[in-house]
Each structure stands twice: as structure tokens, then as C-alpha cells.
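Please keep the sequence and the coordinates in view while reading.

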Amino acid sequence: MNKPIVVGINGSAGSEAALAWALQRASQHKVPVIAIHAVDDRWMSPDFQYHELIRQSGMELLQKAQASASEQVPGVEVDIQLRHGSAGAALREASKEASMVVVGAHDRHWLDGGPMTDRALQVVSSSASPVAVIPTTRGTGDHGVVVGVDGSEESLQAVSFAAAEADRGGDELTVVLAFRSPARWVENQLPSSGLAETIVEEDRVVLAESVAGLGDKYPDLVVHQRLETDTEPAKALVDIAREARLLVIGSRGRGGFSRMVLGSTAHAVLLNVPCPTIVTRVHKVKHDED
């Protein structure tokens, strides 16, 4: 049997959006769904009088999600699991046998930790499978797949994943490479260097190489190349993907330190998720020490 899609459930609007998205994907890919809720009882004594009540509440939450799932997409098999410990640890463990982990985007305006303790960031940073982060609100558009590239191995894997997604869904694919041009004062100090022009030309090559071979593999796929020469990568991706069906990014890029499991661009995008966003192939590429 194909590996299941794992969904993190916590009763929030984000987890409801995640479940709905996961169900649709599971139906298309003909795979089961496992809904997981973690009871973080690490601080509780076994004799704590409300221990069983909290556990029962978690199970009721899962049963409610299971009933909702059967109404939304009746043909998808949905299993429920109550786990102990932190949500991040529970989903990390489940990701080892999953085709994908799906979580809701965190509301950074909440008072329960905000971006510094964002569950989506925790899950993406440690997952052994791709992670989809689903926002509670969407733009008016629902077409097209956007993928960010920078020439790194991770971004090439992201392009491969995104192309397959776009082709399967009958979408057009937009491949984006963005960078901030050298500061004006640098150019003023080096008036004859042509530094900015050189960087642009090099990145045009990187962008072209990133999509090389897609036409042979997906002859019907329409691919757009988009080079943003004066925008931070995360901002460019968030802005371009607001009306897209899906955004795909790699876990790390060419600027990441080898000891970092999540690159700065991926981190920034996940704090401002514009549409369903998949982070691909976490922990799969070896880098030399910086």
C-alpha cells in the first residue's frame, strides 16, 4: 500500500484547513490519511488527576476530525492516532513512514508563542518527508504552481517535484529566481565593474538550467521563467504565489549553513504562507562543512 498522508490535528482552524487539503490530495493519489493529535504530557505526573481527562479530550478531538473527514471525502480511509509528547516530535516520528506531513499555518498574531515557536517550522525542520503547510485563508486564485530556485541541489529537487505536481493538475509552472541587487553604494564605488549585470546574467543561466529537460519529460507543461533582480527571495515567492494553487520550495538553498536544517528563505516564507506550500526533501542532501 502507498504511504499515507499524515495530518497534525489540534482543533484550530489551521488544522481543519490542513485536514481538508490532505483529504483532497489523498483522494487524488488514492492513499490513506492518518490524523494525529499529540497530548503533551511531559510535564504531568502519572498521578495528575486530569491526565485521563486530557487524554480523553484529545481522543474526542480526533474522533470529531475523523467524522468530519468521512463527510468531506467519503472514499478516503482515515485512521486516527493519539500520541504523547510534543506535536513536533510526534509528527517527526510519523513522517518516517509517510508520503507527506500536512499541518496548518500558524497564526503569528496569537499569544501562544507566535513565530518563535511556530509548529509548522518545527515540523518542517525535522520531518523525514515533504511537509505541506496550509493557510486558513486563501487568495482569489487557485491555479498554477510556483517554485523557487537558486541553483542548489535542494531547489532542483523542488523543481522536479513542482513540475510533476503542475503536470498532474493541468497547471502552468512558474519557476522563480529572486535576489537583491548589490547596494547602490557598492556600484558607485565600482563604476566600471558591471557587477550587477554579471550577477543578472549568471542567474539567468541558473534559471535556465533549473528548467532544463522539463519539456522532454512533460511535453504539455507550460513553464514560465521569472527572474526578480531586486527583491528578497522570500518576498518574491510570497507575492508571486498569492494566487497560485501551490508553492514549492526546498528546505535549504545555496546560501544556507551546513548546520542549519531550514534555510532563511524557507523560514521566511513559512511565516507568511501565501497558499498551500510544500517544503521538499528535508535532510536529503549532504553539504560540505562551511
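In which helix is Arg25 found? Arg25 belongs to helix α1, where helices (DSSP H or I runs of at least four residues) and strands (E runs of at least two) are numbered from the N terminus. With a relative accessible area of 11%, Arg25 is buried; buried means under 20% relative accessible area, exposed over 50% and partly exposed in between, for a 1.4 Å probe and protein chains only. Leaving aside residues up to four places away in sequence, Arg25 touches Ile5, Met100, Phe161, Glu165 and Ile278, a contact being heavy atoms within 4.5 Å.

The model is predicted: local features need pLDDT of at least 70 and side-chain atom pairs count only at pLDDT 80 or more, while totals for chains, interfaces and linings use all residues. Residues are numbered from 1 along each chain as its sequence is written, and side-chain values use heavy atoms, with hydrogens and water left out. The protein chain averages a pLDDT (the predictor's confidence in each residue, from 0 to 100) of 83, and 78% of the residues score at least 70.

An open sheet of 10 strands has the order β3-β2-β1-β4-β5-β10-β9-β6-β7-β8, with mixed pairing; two strands pair if DSSP finds at least two bridges between them. Because β3 (78-84) and β8 each have a single partner strand, one side of each is left without a neighbour in the sheet. Within the sheet, β4 (residues 100-104) and β5 (residues 131-134) run parallel and are joined by 4 bridges, and Gly104 has Ile134 as its bridge partner in β5.

The largest nonpolar core has 49 residues, among which Val7, Val102 and Leu173 touch the most other members. Such a core is a set of buried Ala, Val, Leu, Ile, Met, Phe, Trp, Tyr and Cys residues joined through side-chain atoms within 4.5 Å. Helix α1 (residues 13-29) supplies the largest share of this core, 7 residues. A second, separate core of 34 residues includes Ala94, Val101, Val133 and Ala244.
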